Amino acid sequence: MSQGPGWGAVAVAGMQVTGLGVLYAWSVLIGPVQAHYGVDRTATGMVFSVSIAVFTLAVLTAPRLLAGWRLSAAGALACFIGAAGLACAAFAPNFVVFTVGYGGVFALASGLGYASGLQMALTSGVARPGLATGVIVAAFALGAVVLGPIIGHLGSGGALAAALILPAAILAVVAILSVGMQRYCATLSRCFPMHDAPSATSPVDQPSPGPVLTWMLWCGFATGAAGGLMVLGHAAGIVAETGGSVRLAGIAVSMISIGNALGRLTSGAIADYLGPRGVLFVAAVLLGVSTGTMALMIDSTITVVTLAFAGLSYGLMATGYPVAVHRFYSAQRFGPVYGRVFTAWGLAGLVAPFAAGWMFDRTGSYHVALLLAMIAAFMSALISLGFPRHRRQERPDLS
């Protein structure tokens, strides 16, 4: 059996996406950006909406834009572009230029780097590609967890430029290191596939899935992510509605982050043994039970616990869906197919948190929004039952 670059490639990809994951730390910049440019909360909300749209578009188009590129080089390029986007935002003379730098250029780089990192993990030749996928997905979220507090501290102190230059400098260093690694490490040679074609090394028992399965994956991801993102986006408000204190709301956010990270790391490893269908079904059911319990508004402590389980279920899905696409379509077709499926996350991210806020403004409660999130989660569970039943791959996909 030919050997791929192995866990070394996964480590390089993880290093790249960790820096690019600072995109998820946007919330700590809202106050500093408002103070610096004199804009309102609607304007800052627009920046993140633009970021989500551009990020999703980048993941969708990366397999074509970077076709034939060495994956480690594509990740390094994304880091260079991300550093340039953050530098542009740091010294932006006005809010429009800031939005272009952060929500446009940096979000584009994050999407390209994320797509490259996932592809590198799945073509690395490791025996457990699901675990490798989980490492990349978790590493992307880790960037905001690690650098978010530092960036927020710098920004709240009136140093918005410094808050953005710090991650820009880190990305530039990561890009230079990545270039050096691929120059002196011949194993980092995997490339984006040149076209959307099935791999000759796919498992012998794997069917040739068509657009129906892609559509089912899209619907399952959309309904599952909608409930998860709505809860994650309004966690503090949900705790407050049940009488929880500000301190308890902060604990809830931390619990969600822990659950999310745990789900991202373990989902792929579990799917390596049990197959992605079971993981995605359990994740969606867990999310449905959690949001349904929250809708009852029983007690703030119970709400915090159920929010932690909601974070866990969302993390399971965040890794579970790329693992499912790889398992059903092979690494050769992963990029184009997952790009299409990932647009479900983009749509859910744009619609669900906004819709929950809109319903709260009109009813004074999250009750209706949580009930809808519960229904969406159970719909995702039903859809997942239609996915193929695959357990472990017969042999690694080294395409």
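Guide: This is a predicted model. Lining its largest cavity are Tyr-24, Phe-55, Tyr-114, Val-137, Phe-140, Phe-221, Arg-264, Tyr-314, Ala-318, Tyr-338, Phe-342 and Trp-345. Two or more lining residues come from each of helix 6 (129-156), helix 12 (300-329) and helix 13 (331-363).

Visitor: Why is this space called a cavity?

Guide: A 1.4 Å probe fits there but cannot get out, so the space is a cavity. About 90 Å³ lies in the largest one, and the structure holds four cavities of 30 Å³ or more.

Visitor: What makes a residue part of the lining?

Guide: A lining residue has an atom within 4 Å of a point of the cavity. Helix 13 gives the most to the lining of the largest cavity, namely three residues.

Visitor: How many residues of each class are in the lining of the largest cavity?

Guide: Eleven are nonpolar, none is polar and one is charged. Arg counts as charged, so Arg-264 is the charged one.

Visitor: What lines the second largest cavity?

Guide: Its lining has ten residues, and Val-59, Ala-115, Phe-334, Gly-335 and Tyr-338 lie nearest the centre. The space amounts to about 60 Å³. Helix 3 (41-65), helix 5 (95-122) and helix 13 each supply at least two lining residues, with the largest share, four, coming from helix 13.

Definitions and conventions:
Residues numbered from 1 in each chain as written. Predicted model: local features only at pLDDT ≥ 70, side-chain atom pairs only at ≥ 80, totals over all residues. Heavy atoms only, no water. 1 Å grid on protein atoms, 1.4 Å probe; cavity = no way out; pocket = protein on both sides within 12 Å on 5 of 7 lines; lining within 4 Å. Points joined across faces, edges and corners; volume = space filled by probe spheres on them.
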